[in-house]
Amino acid sequence: MRSLHTRLRRGPAALVLALAATLIAPVSSAAPLPSPAAAPFEILVFSETAGFRHDAIPAGIDALRTLGQQNEFTVTATEDSSVFTEQSLSGYEAVVFLNTTGDVLTDPQQSALQSYVDSGGGYVGVHAAADTEYDWPYYGQLVGAWFKSHPAIQQATVVTEDRDHPATAHLGATWSRTDEWYNYRANPRAGVRVLQSLDESTYSGGEMAGDHPITWCHAQGQGRSFYTGLGHTAESYADPAFRTLLLGAVRYAAGQAPADCSPKSGAATVEAESFTSGSGVQSAAHAPAGGGQTLGYIDNGDWAAYATVSTEGARRFTAKVSSAGAGGTVEIRSGTSDGTLLGSVQVPVTGGWETFTTVTTELSGAGSGPLVLRFTGGSGALFDLDTFSLTTEPATEAGSENVHLFYYPWYGSPAVHGSWRHWPQGGHTPPEDIGADFYPALGPYDSGDMAAVVAQHMRWVKQSGAGVIVYSWWGRGGYEDRLAKGVLDAAAKDGIKVAWHLEPYGDRTAASTVADIEYINATYGGHPAFYRSAAHGGKSAFYVFESLRISDWSALDEVTDTSIVLAQTTDTTKIAHFSGLYTYDGIAGATAPGWKQAGDYAKANGLVWAPSVAPGYLDDRAVPGNTTPTVDRANGAAYDKQWSNALDPAIGGSPSWVSVTSFNEWHEGSSIEPADSSPPGGHGYLTFDGAYGKAGEAAETAYLDRTAYWVGRFEGARR
């Protein structure tokens with residue numbers, strides 16, 4: 001996607017002018033205005049059909065070509081699916097599926113499209129794009145919902161739900177138009193930002209229980225997806241208002257016009273029999289049920305998956321159920337039938353298959369994949385599901401992506417890990433006696449406890465105002481690598497991004513570091529929490545700890561076109577082939593040795609400078625007899641001094657990012673994670689009491705709150 005990154009380097013004024021071109025007033029106005037300041041870009045229009053073929057396809061291609069001529073983008077139209085390779089797609093900023101139908105892509109072509117979108121490309125689906133690739137679950141997520149049925153072409157009222165998006169900003173509150181109105185197999189609302197919906201009272205044949213999205217958008221990996229159910233008739237493509245909708249869709253998907261496409265909070269009702277894959281289940285006819293059918297024939301161990309229903313942000317599950325069988329349990333899972341368990345709810349015996357009741361449960365944990373319902377109970381038939389809904393919360397406001405907290409996932413406890421890990425450092429015996437001078441508010445926790453511990457960590461990170469954690473990683477297949485997916489899931493739930501701290505595992509070389517970066521990018525790069533720096537062309541970020549152990553880093557040239565790789569030093573003669581430098585040292589920040597010179601050099605050479613600040617340093621319980629100097633916290637004054645040094649251009653050299661040592665390195669006494677205000681007695685533990693004038697429990701979060709203060713100062717200075 002190098003072409004995408006190159007073309008997006010535009011000034012904010014140009015972006016405002018380009019966006020303004022889409023904000024044309026009434027729906028009856030003349031043809032869409034051009035965007036004179038728009039950066040040139042290219043889109044691929046794909047219209048292959050393996051089922052019904054729409055007569056409107058040529059009109060749609062002509063309309064998009066005209067829009068391209070008026071708005072500085074190039075249109076390549078094709079019905080040859082062989083173009084779907086990673087190399088070919090990399091030349092386009094967006095791909096438009098224009099009234100495609102049926103199974104049109106081979107498995108390798110599917111993989112190429114998925115990689116393209118998840119790594120930053122754009123997708124636009126028009127009308128019958130929802131009647132495509134039914135056997136590919138990823139496509140169901142990408143388009144948002146699959147076609148189910150439609151009534152005859154007729155006039156209906158389209159309701160504009162969101163006028164902030166460039167595709168709908170020109171529309172009024174309602175829009176009366178004639179088209180073929182699709183019903184969908186599932187309501188996509190829980191996982192997308194709905195831009196337009198249909199008023200089912202204004203036409204005949206609507207089957208979505210009064211909540212009928214027809215145009216929507218959402219993030220997909222690092223990319224963008226837009227779909228509209230409009231566009232069946234050839235006449236649509238001559239309509240100036242519809243053309244403006246298409247223009248806004250293309251410019252959004254191509255990354256040329258920003259838009260908030262995060263789901264709004266709410267609950268979408270899904271017909272349970274509309275599952276996209278399953279085991280042992282099938283539809284059952286019951287007249288009182290919605291649509292006259294339920295999900296039935298459910299036995300112990302059966303499951304049903306819903307590829308277009310995302311679990312991201314899910315907070316509550318509600319279902320309409322019946323049972324003349326044994327009753328049982330519905331497990332709500334993310335991704336697969338044995339994926340992350342978000343919650344479960346008991347289904348009672350209701351006395352008949354057509355006697356319904358409602359069950360509900362709160363959900364916890366971090367869902368990111370599609371919804372899967374797994375069913376358990378006794379022998380024989382258990383129960384039926386008529387409809388269900390997921391209540392979601394909107395995406396949280398993101399913290400500063402310029403402040404990064406070093407995060408350690410290396411702790412283990414017998415309850416989760418089977419034994420103590422890291423807490424006994426220095427010869428101590430947990431749980432009351434640990435190798436740290438402060439005692440965590442969560443106690444000696446397990447880094448694999450995603451629901452209780454890691455979820456709380458992400459809430460605390462959010463409280464700190466930082467938007468990125470730098471994940472300590474000790475090699476492929478290791479303890480931390482195995483936990484990475486769960487941490488990414490938890491981070492995504494609170495809008496936190498994850499960068500990577502490459503630690504000095506045994507036999508690490510420059511070549512193995514390059515392989516590590518490639519592995520991490522390939523394995524986790526499509527996750528919504530994976531950090532990519534918008535200010536640096538969407539590159540991922542890697543901090544290399546103790547980089548001076550290796551003298552020749554020329555191998556990094558293989559990855560620095562896609563990744564930011566930082567050396568741990570202020571010696572600018574030691575950073576050849578790196579993208580920048582950081583310090584990590586939690587002691588040096590008090591005097592900032594070499595910081596200005598490093599920062600000035602980085603700025604002059606287009607490199608990243610990320611000095612590290614710490615609240616203090618004390619490791620005598622973890623490393624008895626260590627002669628390393630210590631830094632007393634001085635009730636917060638030490639942290640303030642390091643932050644002040646970093647942000648003073650005369651001392652800190654104007655950092656690109658500020659890195660914080662650390663969120664939770666307990667053994668070095670540098671953590672801002674809350675410390676217990678009443679730790680176990682008899683071990684000499686310190687507390688945060690007195691920090692910034694706070695005492696007792698109020699002091700536990702003192703360093704989180706002070707970090708938020710400095711984040712605000714840093715962002716204010718940048719602006």
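This is a predicted model: local features need pLDDT of at least 70, side-chain atom pairs count only at pLDDT 80 or more; totals for chains, interfaces and linings use all residues.
Residues are numbered from 1 along each chain as its sequence is written. Local features need pLDDT of at least 70, side-chain atom pairs count only at pLDDT 80 or more, totals for chains, interfaces and linings use all residues, and side-chain values use heavy atoms, without hydrogens and water.

User: How many residues apart in sequence are the parts that the C217 and C261 pair ties together?
Analyst: C217 and C261 form a disulfide (a pair of cysteine sulfur atoms within 2.5 Å), with their sulfur atoms 2.1 Å apart. C217 lies in strand β10 (residues 212–220) and C261 in the loop between α7 (240–253) and β12 (266–271), so the parts tied together are separated by 44 residues. Helices (H or I, at least four residues) and strands (E, at least two) are DSSP runs, numbered from the N terminus, and the sequence separation is 44 residues.

User: Is C261 buried or exposed?
Analyst: Buried means under 20% relative accessible area, exposed over 50%, partly exposed in between (1.4 Å probe, protein chains only). C217 has 0% relative accessibility. C261 has a relative accessible area of 7%, so C261 is buried.

User: Within what arc do the buried residues of α3 fall, seen down its axis?
Analyst: The buried residues of α3 are I57, G60, I61, A63, L64, L67, G68 and N71. An α-helix has 3.6 residues a turn, so residues three or four places apart point the same way. The buried residues of α3 line one face of the helix, because the arc (of the directions from the helix axis to the C-beta atoms) is 160°.
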